[in-house]
Amino acid sequence: MIGVLGSGNVGRALASGLAAVGHRVTMGTREPGRAELVDWTAGATGAGAVALADPITAATGAELVLVATAWEGTGEALAAVAPALDGKVLIDVTNPLRFTTRLELAVGFTDSGGEQVQRWAPGARVVKAFNTVGFELMDHPDLDGGPPTLFIAGDDASAKADVAGLAADLGWAVHDCGDLVAARLTEPLAMLWIEHALRTGSRRHAFRLLADPQ
Ligand SMILES: NC(=O)c1ccc[n+]([C@@H]2O[C@H](COP(=O)([O-])OP(=O)(O)OC[C@H]3O[C@@H](n4cnc5c(N)ncnc54)[C@H](OP(=O)(O)O)[C@@H]3O)[C@@H](O)[C@H]2O)c1
């Protein structure tokens, strides 16, 4: 079972996409009884299923957990479930965004949201992934320009292999950027994605790594 923390745009896109290819998913939300969410779940059920639960139940029952919470709530959300994440793969989809006079990263250069997530959930095997594309394209991105690249980063090779498998289920080719410290690179890449969205008004774009064969 896969646990998804956060019932926003990203949580729903990944939960429904993973359920559609046969995974059992439980969405961990602060309001599992919310009518709008219950209605969405009924419509989202594909080959697998999306259940609703509180975050601790979702994290405890899952073999792998995705965190897709608003950055300002991520520390609180992970603190509540951290013991249930020990030894588990934790996919960090968040971007550490804040608004000052403009939208910017709240951490960076010598730190990253991914590394902060690892500190909040020290027993988890954190993999940064899915943060460099809008939620509309997370499940089987179908851009005219061809298949984009999913950039992932993490310290645990087997955790990254698990994430690459899930990414393949969602139609992605993965590029391993190395250790979790590389989240310092992929989070600014998300800012570049957002900049293009804000400037063009479109959200149908993604990055692709082009290279000669080695
Ligand atoms: N939107 C995108 O296209 C996109 C793309 C890549 C990455 N991201 C990143 O993915 C994360 C989720 O984005 P989103 O667009 O899904 O955001 P969203 O629609 O605003 O949803 C965020 C969710 O966070 C959960 N949450 C848990 N604890 C919280 C707290 N204390 N305060 C506020 N929210 C809390 C809420 O779920 P419950 O109420 O169910 O608990 C809420 O639905 C963000 O970090 C974002 O930067 C977004």
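Mentor: Axes are lines fitted to C-alpha atoms, for helices over the stretch in contact, and angles run from 0 to 180 degrees between N-to-C directions. This model is predicted: local features need pLDDT of at least 70, side-chain atom pairs count only at pLDDT 80 or more, and totals for chains, interfaces and linings use all residues. Residues are numbered from 1 along each chain as its sequence is written.

Trainee: Why are helix 4 and helix 5 called roughly parallel to each other?

Mentor: Helix 4 packs against helix 5 (residues 113–120) at an angle of about 25°, and their axes are 9 Å apart. Helices are DSSP runs of H or I with at least four residues, strands are E runs of at least two, and both are numbered from the N terminus. Angles under 35 degrees count as roughly parallel, over 145 as roughly antiparallel, 65 to 115 as roughly perpendicular and the rest as oblique. Helix 4 and helix 5 are therefore roughly parallel.

Trainee: What makes up the contact between helix 4 and helix 5?

Mentor: From helix 4, Trp71, Thr74, Gly75, Leu78 and Ala79 meet Gly113, Val117 and Trp120 of helix 5; contact means C-beta atoms, placed from the backbone, within 7 Å. These residues divide into 5 nonpolar, 3 polar and no charged. Ala, Val, Leu, Ile, Met, Phe, Trp, Tyr, Cys and Pro count as nonpolar, Asp, Glu, Lys and Arg as charged, and the others, Gly among them, as polar.

Trainee: Why are strand 3 and strand 10 said to stand at the edges?

Mentor: The open sheet has 8 strands in the order 3-2-1-4-5-8-9-10, with mixed pairing. Strand 3 (49–53) and strand 10 (173–176) each have a single partner strand, so one side of each lacks a neighbour in the sheet.

Trainee: How do you know that strand 8 and strand 9 pair?

Mentor: Pairing requires at least two bridges found by DSSP. Strand 8 (residues 125–128) and strand 9 (residues 149–154) run antiparallel and are joined by 2 bridges. In one of them, Lys128 has Ala153 of strand 9 as its partner. Helix 7 (residues 183–200) packs on the sheet, touching strand 8 and strand 9.

Terms used: Contact = placed C-beta atoms within 7 Å.
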